[in-house]
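Here is a friendly walk through one model, section by section. Please keep the sequence and the coordinates open as you read.

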Amino acid sequence: MIPVQDRTAQITPSDILLCCTFRNEDIRLPFFLDYYRKLGVTHFLLVDNGSDDGGAAYMADQPDVSLWKTDAHYGKSRYGMDWLTYLQGKYAHGHWVLTVDVDEFFVYPFCDTRPMRALADWLEASEVRSFGAMMLDMYPKGQVSDAVYQRGADPFKLANWFDPGNYTLKRNDFYRNLWIQGGPRARVFFAEKPKQAPALNKIPFVKWDRDFTYVSSTHMLLPRGLNLVYGQNGGEKTSGILLHAKFLNTFGPRVSQEAERAEHYSAGREYKSYASADNDPEIWCQWSEQYLNWRQLEALGLMSKGNWA
Amino acid sequence: MSLGVVMLVHTDFDRAELMVRHWAEGGCPVMIHVDSDVDDTTYDRFVANLDDLADVRFSTRHRCEWGMWGLVAATQDAVQHLLTDFEQVGRVFLASGSCLPLRPISELRAFLDASPQTDFIESATTADVPWTVGGLDRERFTLRFPFAWKRRRRLFDGYVRLQQIIGIKRRIPKGLMPHMGSQWWCLTRTTLEAILNDPNRRRYDRYFQRVWIPDESYFQTLARKHAARIQSRSLTLSKFDFQGKPHIFYDDHVEILRRSGCFVARKIWPNAQVLYENFPCATDKAAGAVRPSTGTVDRIFDKAVERRTRGRAGLYMHSRFPNMEKANGIAAAPFSVMQGFDALFPGFQNWLALQTEATVHGHLYAKDKAHFADGAEVFRGALSDSARLRDYNAQGFLTNLMWTTRDQYQCFMFGPADTQSIRWLLAHDTNARVWVISGAWSIPLFLSGRSAAEVRTEAARLQRRENQFLKTLRAPDAHARLHIYTLADFLENPRDVLQMLIDQIGGHKAHALGQLPEMVDLSGLPVFLQELKNQGMHPFLTGHLSEEMHRRATVVSEPRSYVVGHK
């Protein structure tokens, strides 16, 4: 991994950082940056995994971005986590850091009125070190290929539907995290092999310490105590959602590429499943819910204000 | 009489400066205490910045650690200074750097002038104030607390435990009745002077130095001793969460703060620009003198505490995952499960749906798929009817369904041929109402026209599974509401059972039933059951059936011309 544009000297102690790897995602980058800048991220630590679409150059030009690049194998570096763990250990120690993919958009209670700094301050005052957010797959009404995404646009103008109440949870007794599956991916692509349905539990926002490390994507962390982002005696802890803008017209071509490249989890098993299925399905159903705002998600029980009021 | 302010500051000096200016411009002398942990550069700059204000002074610095004596010592000194330096001060208002005045000082002064010689200090006896941090209330006053709770938690806990085990108790000084309450108060010069000049002050101070969180009890207790008239409430709006940590106000609270009518609020998030720009804000003159009323604020923050400690019953999600085995209710709402009814009455589902307002599903746990009401492929919450997906987490399927549909009563059919992995849940959920006609599985076998010899194995399997289900239901620790009848019992009086079933769904005594659903023709069933017995398979769950029984049941299903007094 080599630095392309190192602006880490600009990082001040109160900065909120964002860590992310990407590969050929140029079309998504402008909105991604815009979204997180508005939310209060003040510095981006990014790794470009061999893009050839100009996205890296675009990112390197941004004043609040530090960029590294690598052509190494995504799968063999624990799906990019090795790269990010290195950067987090070096630059994020003592900072609140959000680790997401370019198609994941963080939503938390009061995100329309309170910046991420407010959330971070509150978590810190409450002596909470990690913050959970479930991944919520968003999809359009109609064929996925008809949702034609334009660079810079808000993907949730197109993909603004989600499954409101079909998520199932299990406790992972070893790492103590919850393992969540369900949503449209389980319903449409994995109904016959539910065990393989992708995990939706994520712990993306953490007050980083150089001793911490993500174990598998951002699904769980070490030390294990960081994974207890849920109330175990009936109470609700404060939590958020990662809106997942996966199902757009970019989905079909991506599936073919990734299934062939086989560098994702379990040699791209998930992508192979999409590829073998009809990869331009209609995901929308009669009971899909149209996205409005975080209050709707909280009312549906998909996230919680917990003790934050 | 004028109002003076003692302000405790330890962080966010820019905001604190703003607040000092505000009080000073309102005509209040301000005595500032800055934590001695604050570095000198910051302190000096802060002092220099306030240089232009004549009536702003700084008092001797103490180290103020949360829960320790330093805060009280700092307050005592600052009050003493203030009272000495400014003779015109008749009352002292204790505030912090993150206290935001919501209303103009003039309104506060008018309010205070209306109650002369009254001390505003929240102060309650320990027996009446539950306090959650560390679970200590009365013991705050009877144990010693030399270790800081935030910094040296282990020592703190260990020393408390040790004293509890040995049974050491401190004696509370004579003449004092321990009280506690919010640390933000407004006291009169008379009361404060009496406290500071109390002949026993040294003894009291020594005692309170080892009391835990003395800033919430020192002035509260001593005011009770000296004050002429106490209004037990704080003029500072301040809410605490379940850990005893203050809730923080943000820009989106601007409306509820405005409407609260309170004079001062804390804590304010330092970057809450909208709040700092909008307050203090004069109340509507036309409305007359507005008195503080914190109803809305209380409700919002009490709800937050409730959510964090109890949560929404029946919700399982990524930040709420209670242990089902310890939970009181598992599903979000009451629901009914019926086993055997649809075997006896082919049109049972439709009939039940017509009798009640409930959603009536078929066999949700059938082998082929989840039979939702109206044969839907996907149900509310985008729940799929795929059997595999359902069986992958059978309990989650049910809790999801009950959570999404908690606004409408749900019923579903169940049977020994269905997936049995929710047995435990059905038995242990206080919300489950389980109705079983045991042995009814024999009816479809009988109607299939196959011989007893052919269905023998299947009958044995169903009976075994049903028996297992009944055992689970009847476990001593099971909480479901059970109504279990053998087929023979049920046929004795189907009408009354169905009436009870309908009443339970309605939650009250529903109208008397008209036509019962049509029952299958059971003539020949006793013979069929006897043949099963002859094959060595004894259907013990059906009860003893005879030909007359079935005929009688058909007669009783006609509506009665009179009402039988059942409950």
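## Helix pairs around α7 of chain B

Helix axes here are lines fitted to C-alpha atoms, for helices over the stretch in contact, and angles run from 0 to 180 degrees between N-to-C directions. Helices (H or I, at least four residues) and strands (E, at least two) are DSSP runs, numbered from the N terminus. Two packed helices are described by the angle between their axes and the distance between the axes.

This is a predicted model, in which local features need pLDDT of at least 70, side-chain atom pairs count only at pLDDT 80 or more, and totals for chains, interfaces and linings use all residues. Residues are numbered from 1 along each chain as its sequence is written, while chains are lettered from A and ligands numbered from 1 in the order in which they are written.

Let's begin with α7(B) and helix α9 (residues 218–226) of chain B, whose axes come within 9 Å and cross at roughly 105°. That angle makes α7(B) roughly perpendicular to α9(B); angles of 65 to 115 degrees count as roughly perpendicular, under 35 as roughly parallel, over 145 as roughly antiparallel and the rest as oblique. On the α7(B) side the contact uses B:Thr191, B:Ala194 and B:Ile195, and on the α9(B) side B:Phe219, B:Leu222, B:Ala223 and B:His226. Contact means that the C-beta atoms of two residues, placed from the backbone, lie within 7 Å. Sorted by class, this contact has five nonpolar, two polar and no charged residues. The classes are nonpolar (Ala, Val, Leu, Ile, Met, Phe, Trp, Tyr, Cys and Pro), charged (Asp, Glu, Lys and Arg) and polar (the others, Gly among them).

Helix α7 (residues 189–196) of chain B also pairs with helix α3 (residues 70–85) of chain B: their axes come within 11 Å and cross at roughly 125°. This makes α3(B) oblique to α7(B). The contact of α3(B) with α7(B) has four nonpolar, two polar and two charged residues. From α3(B) come B:Gln76, B:Val79, B:Gln80 and B:Leu83, which meet B:Arg189, B:Leu192, B:Glu193 and B:Leu196 in α7(B).

## Helix α19 of chain B

Which helix does α19(B) cross at roughly 75°? The partner is helix α22 (residues 525–534) of chain B, and the two axes come within 9 Å. At that angle α19(B) is roughly perpendicular to α22(B). B:Ala452, B:Arg456 and B:Ala459 of α19(B) make the contact with B:Phe528, B:Glu531 and B:Leu532 of α22(B). By class it has four nonpolar, no polar and two charged residues.

B:Lys471 also belongs to helix α19 (residues 452–473) of chain B. This lysine counts as exposed because it has 12 C-beta neighbours inside 10 Å. The terms are buried (20 or more other C-beta atoms within 10 Å of the residue's own), exposed (12 or fewer) and partly exposed (in between), with C-beta atoms placed from the backbone. From C-alpha to C-alpha, B:Lys471 is 21 Å from B:Thr457, and the two are 14 residues apart in sequence.

## Backbone points to check

Most residues other than glycine have a negative phi, and most peptide bonds are trans. B:Ala382 has a positive phi of about 65° although it is not a glycine. Is B:Ala382 buried or exposed? B:Ala382 is buried, with 26 other C-beta atoms within 10 Å, and sits in the loop between β15 (378–379) and β16 (383–384) of chain B. B:Gln117, also not a glycine, has a positive phi near 55°. B:Gln117 counts as partly exposed because it has 13 C-beta neighbours inside 10 Å.

Two peptide bonds are worth a look. The bond from B:Arg266 to B:Lys267 is cis, with omega near -10°, and B:Lys267 is in the loop between β12 (264–265) and α11 (273–278) of chain B. The bond from B:Phe279 to B:Pro280 is cis too, with omega near -5°; B:Pro280 is in the loop between α11 and α12 (295–309) of chain B.

## Domains and the chain contact

Chain B is assigned domain 1 (2–309) and domain 2 (335–556), with bounds from an automatic or database domain assignment. The centres of these domains of chain B, taken over C-alpha atoms, are 63 Å apart.

Between the chains, the contact takes 50 residues from chain A and 46 residues from chain B. On the side of chain A that touches chain B, α4(A) gives the most, with five residues. That side divides into 19 nonpolar, 20 polar and 11 charged residues.
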